[in-house]
Amino acid sequence: MRLTDCYNFHDFRRMAKQRLPGPIFDYIDGAADDEVTYRRNTAAFENCDLVPDVLKGVAEVDMSVTVMGQKLAMPVYCSPTALQRLFHHQGERAVAAAAAKYGTMFGVSSLGTISLEEARQISDGPQVYQFYFHKDRGLNHEMMARAKTAGVQAMMLTVDSITGGNRERDKRTGFAIPFKLNLAGMMQFAIKPSWAIGWMTHEAFRLPQLENHVKMDGGALSISRYFTEMLDPSMSWNDVAEMVQAWGGQFCLKGIMSVEDAKRAVEIGCTGIVLSNHGGRQLDGSRSAFDQLAEIVDAVGDRIDVMMDGGVQRGTHVLKALSLGAKAVGLGRYYLFPLAAAGQPGVERALETMRTEIERDMKLMGCTSVDQLTRRNLRFRS
Ligand SMILES: Cc1cc2nc3c(=O)[nH]c(=O)nc-3n(C[C@H](O)[C@H](O)[C@H](O)COP(=O)(O)O)c2cc1C
């Protein structure tokens, strides 16, 4: 299968599956428990239909949006994800460069495999730095100071990962960092030579956001230990309020789902929230962000930038979320499978495909700018 054979999410996913060792594919593709929320995230978009207007004069379409003080040329962004150089040796470098080319935002994860400083050098365009809350308060402040020095405009604190989700596919394959593969898992690596060559011929795997803070085990760092030993499950609204104050700029919480929490985010001075269930990877059975979007926008949409992610595979999904009042929509696996399949050209083809779909769909909807997408253009099925 070649990149030019990929026209949509499913094609990229198939190509990634061909190229990746099984345990890595399953780490990206998998989710928590029975993966009900994962499936639901995409299915949720089918509960409603778009109602187009016609004859509106749609020769020129402007799909740009402004979120958290940053202008995006398109209303989707690459949500922060961990370990990208494991999926393709170009990793975050490919995503940062592709996002810059398409004028959109990308997130650097604190579990990223290049440094946030390097990401900033690749792209001085819109960027967020995603981090978790550590027991060591000094470390939290140090991370913010480092981000500030690097010129990061917006911080994104992920609040839905207070403990790790139950990812049974990873248990079966033995996926862990460092690798603890079982025999079947090792065989999977042996039969994927193109991935293995890329892995072995490029610089060693690192987690530059964390390596000064986390003790190494023989050079490798255990992610499960990071989550269990270093993150603070007692994190509270007061703690976060203090961080928001200390940052003094654009700050958003990723993983807000209830109206009450959205209101509290406003009260403590956040400038954005991302409705998200972490791609179904944390609490299985939780509601999809799209299903929850309207009530949150009604409650806080005039005071804070409301974004959402989860299950987005099509331009029409994005249009539906924007019609309900989302300011922008995050992509996860939508760009990760193309990254795994083909590196930077893969991510670029995915963003180009999404951009083309959004433009075509806006024209078919009779819209020339994002603010013309409203609930008037959407009907829910009973
Ligand atoms: C492989 C993988 C790694 C991820 N790593 C992170 C992370 O480090 N921090 C974070 O806040 N979210 C992380 N996420 C969640 C994404 O940012 C996003 O919320 C989710 O993927 C959206 O769902 P989608 O994949 O269906 O688009 C990760 C998701 C995946 C699939």
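Helices in this tour are DSSP runs of H or I with at least four residues, numbered from the N terminus. The model is predicted.

**Stop 1: Asn182**

Select Asn182. It sits in the loop between α8 and α9, the latter covering residues 183-190. Its relative accessibility is 28%, so Asn182 counts as partly exposed. Now show its neighbours. Leaving aside residues up to four places away in sequence, Asn182 touches Arg172, Thr173 and Gly174. Next, draw a distance from the C-alpha of Asn182 to the C-alpha of Thr37. The two are 28 Å apart in space and 145 residues apart in sequence. Follow that line to Thr37 for the next stop.

**Stop 2: helix α3**

Select residues 36-43, which form helix α3. Which residues of α3 are buried? Colour Thr37, Tyr38, Asn41 and Thr42: these are buried. Look down the helix axis. The four lie on the same side of α3, because they cover an arc of only 140 degrees around the axis. Then bring up what covers them. The cover includes α2 (22-29) and α8 (168-173). It also includes α14 (289-300), α15 (315-324) and α16 (333-342).

**Stop 3**

Step back to Glu35, in the loop between α2 and α3. Check its backbone. Most residues other than glycine have a negative phi. Glu35 is not a glycine, yet its phi is positive, at about 60 degrees. Is Glu35 buried or exposed? Its relative accessible area is 12%, under the 20% cut-off, so Glu35 is buried.

Now select Leu55. It is in the loop between β1 (48-50) and β2 (65-67). Leu55 also has a positive phi of about 60 degrees and is not a glycine. Its setting is another matter. With 87% relative accessibility, Leu55 counts as exposed.

**Stop 4: the cysteines**

Select the cysteine sulfurs. How many disulfides does a search of the whole structure find? The count is 0. Two cysteines show why.

Start with Cys6. Its closest cysteine sulfur is in Cys78, 16 Å away, so the pair is too far apart for a bond. Cys6 is buried, with a relative accessible area of 1%.

Move to Cys270, in the loop between α13 (259-267) and β9 (272-275). Here the closest cysteine sulfur belongs to Cys252. The separation is 7.7 Å, which is too far for a bond because a disulfide needs the sulfurs within 2.5 Å. Cys270 is buried too, at 5% relative accessible area.

Keep Cys270 selected and show its contacts. Beyond residues up to four places away in sequence, it touches Val244, Phe251, Leu253, Ala265 and Ile304. Take Ile304 from that list. It is 34 residues from Cys270 along the chain, with 7.4 Å between the C-alpha atoms.

**Stop 5: Asp309**

Finish on strand β10, residues 305-309, which includes Asp309. Select that residue. Asp309 is buried and has no salt bridge. Which side chain of opposite charge is nearest to Asp309? Lys254 is, at 4.3 Å.

Now show polar contacts. The side chains of Asp309 and Ser276 are joined by one of 2.7 Å. The set is Ser79, Lys254, Val274, Leu275, Ser276, Ala289 and Gly330. Both Lys254 and Ser276 are in that set.

Conventions:
Residues are numbered from 1 along each chain as its sequence is written. This is a predicted model: local features need pLDDT of at least 70, side-chain atom pairs count only at pLDDT 80 or more; totals for chains, interfaces and linings use all residues. Side-chain values use heavy atoms; hydrogens and water are left out. Helices (H or I, at least four residues) and strands (E, at least two) are DSSP runs, numbered from the N terminus. Buried means under 20% relative accessible area, exposed over 50%, partly exposed in between (1.4 Å probe, protein chains only). Lys and Arg count as positive and Asp and Glu as negative; His and the chain ends are not counted. A salt bridge is a side-chain nitrogen of Lys or Arg within 4 Å of a carboxyl oxygen of Asp or Glu. A polar contact is a pair of N or O atoms within 3.5 Å; within protein, one must be able to donate a hydrogen and the other to accept it, and residues adjacent in sequence count only if both atoms are side-chain atoms. Contact means heavy atoms within 4.5 Å. The arc is that of the directions from the helix axis to the C-beta atoms.
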